[in-house]
Amino acid sequence: MNNIIKKFGKMNDEQLDQLFKSLDERTDINWPYIAGWIDGDGFIGALNKQSYGITLKIVDKEPVEMLSELFKCSLSQAQMDKRAIFKSPPKRRYYVVIRGKKALYLAKKIAPFVMEKTKNLYKTLEYYGCNEKFPYMELNKEDFINYLVGFSEAEGCFFYSKELNNYNYCLANSNLNLLTYLERRLKQLGFFKFKIRTLRKEGFYFFNKNITDKIVYKKTSYRLEIHGYALLDFYNLIKDKLIINRKKEKVLATIEHFKDYRGTAYNNYMRDKLAL
């Protein structure tokens with residue numbers, strides 16, 4: 001059974017107008033960051049035959065709770081998935097569903113920043129009678145960084161292991177054009193020690209070979225990676241913008257690891273950096 005953690009009642013038109021007015025007046029809401037999150041792990045589109053909306057359903061509570069509080073939509077936790085196809089049940093996910101005028105308001109706020117889910121975004125806008133067009137991939141430096149932080153918290157991995165002496169950041173996605181765009185913008189910001197590689201080729205794969213014979217189709221997947229000392233500059237850029245505690249802890253631990261360590265790898269990195 002789904003567990004409602006915090007419930008909000010239905011708003012009338014006057015209350016909705018007051019909510020939107022208060023959101024418009026706030027200067028602390030990071031819409032590019034929210035767009036990055038929804039682009040990565042969110043859903044935009046038809047919730048059922050009667051409504052369109054925007055949802056976020058993930059393991060980490062912080063971003064879901066943020067959207068729930070902003071739009072006064074109930075914060076819930078999904079029931080445990082105990083199907084036999086899983087070796088061990090996946091973690092319960094938190095979720096929020098935003099629909100109606102709230103969904104239209106949010107869609108318009110994030111429209112200038114969304115790059116992955118634009119098709120469904122415009123379907124949602126059209127469903128609610130909005131035919132306005134927004135700029136695409138025209139983010140300034142600040143908006144790009146904020147979008148990337150949200151997208152990274154959704155789709156990225158901040159790997160930290162003292163035992164394996166392995167520290168890296170990677171961002172996986174099936175949209176090669178999007179990763180190429182992110183790579184180009186990162187180069188413009190001075191980050192050069194990263195690469196895009198093919199993670200998995202398109203085809204049919206076992207869902208969980210040790211448990212079931214179920215076959216699933218998967219698109220070609222790519223990964224943008226940053227390793228070693230290049231992480232220092234990148235992590236120092238984004239560390240204060242992260243809101244998921246478990247990921248922020250890995251970023252801060254990586255910074256702490258590299259800041260006092262010097263050697264051949266560091267000298268090579270600085271030589272390459274100065275040569276730019």
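Me: What makes Met-137 count as partly exposed?

Reply: In this predicted model, Met-137 has a relative accessible area of 26%, and since buried means under 20% and exposed means over 50%, a value in between is called partly exposed. Met-137 sits in the loop between helix H5 (118-127) and H6, and its phi is near 55 degrees, a positive value in a residue other than glycine.

Me: What is the span of H6, and which residue caps its N-terminal end?

Reply: Helix H6 (residues 141-155) reaches 20 Å from its first C-alpha to its last, which is close to the 21 Å expected at 1.5 Å a residue. Its N-terminal end is capped by Asn-140, where a side-chain oxygen lies 3.2 Å from the backbone nitrogen of Glu-142, a separation to be set against the limit of within 3.5 Å for a polar contact.

Me: Why is Leu-182 called buried?

Reply: The relative accessibility of Leu-182 is 0%, and because buried means under 20%, Leu-182 counts as buried. This residue of helix H7 touches Phe-144, Tyr-147, Leu-148, Phe-151, Leu-171 and Leu-224, not counting residues up to four places away in sequence. Leu-182 and Leu-224 are 42 residues apart in sequence, while their C-alpha atoms are 8.7 Å apart in space.

Me: Why is H2 described as roughly perpendicular to H4?

Reply: Helix H2 (residues 31-41) and helix H4 (residues 100-110) pack at an angle of about 105 degrees, with their axes 9 Å apart. Because angles of 65 to 115 degrees count as roughly perpendicular, H2 is given that description relative to H4. The contact is made by Trp-31, Ile-34, Ala-35 and Ile-38 of H2, together with Tyr-105, Leu-106, Lys-109 and Ile-110 of H4, and these residues divide into 7 nonpolar, no polar and 1 charged.

Terms used
Residues are numbered from 1 along each chain as its sequence is written. This is a predicted model: local features need pLDDT of at least 70, side-chain atom pairs count only at pLDDT 80 or more; totals for chains, interfaces and linings use all residues. Side-chain values use heavy atoms; hydrogens and water are left out. Axes are lines fitted to C-alpha atoms, for helices over the stretch in contact, and angles run from 0 to 180 degrees between N-to-C directions. Helices (H or I, at least four residues) and strands (E, at least two) are DSSP runs, numbered from the N terminus. Angles under 35 degrees count as roughly parallel, over 145 as roughly antiparallel, 65 to 115 as roughly perpendicular and the rest as oblique. Contact means heavy atoms within 4.5 Å. Ala, Val, Leu, Ile, Met, Phe, Trp, Tyr, Cys and Pro count as nonpolar, Asp, Glu, Lys and Arg as charged, and the others, Gly among them, as polar. The expected span of a helix is 1.5 Å times one less than its number of residues. A polar contact is a pair of N or O atoms within 3.5 Å; within protein, one must be able to donate a hydrogen and the other to accept it, and residues adjacent in sequence count only if both atoms are side-chain atoms. Buried means under 20% relative accessible area, exposed over 50%, partly exposed in between (1.4 Å probe, protein chains only).
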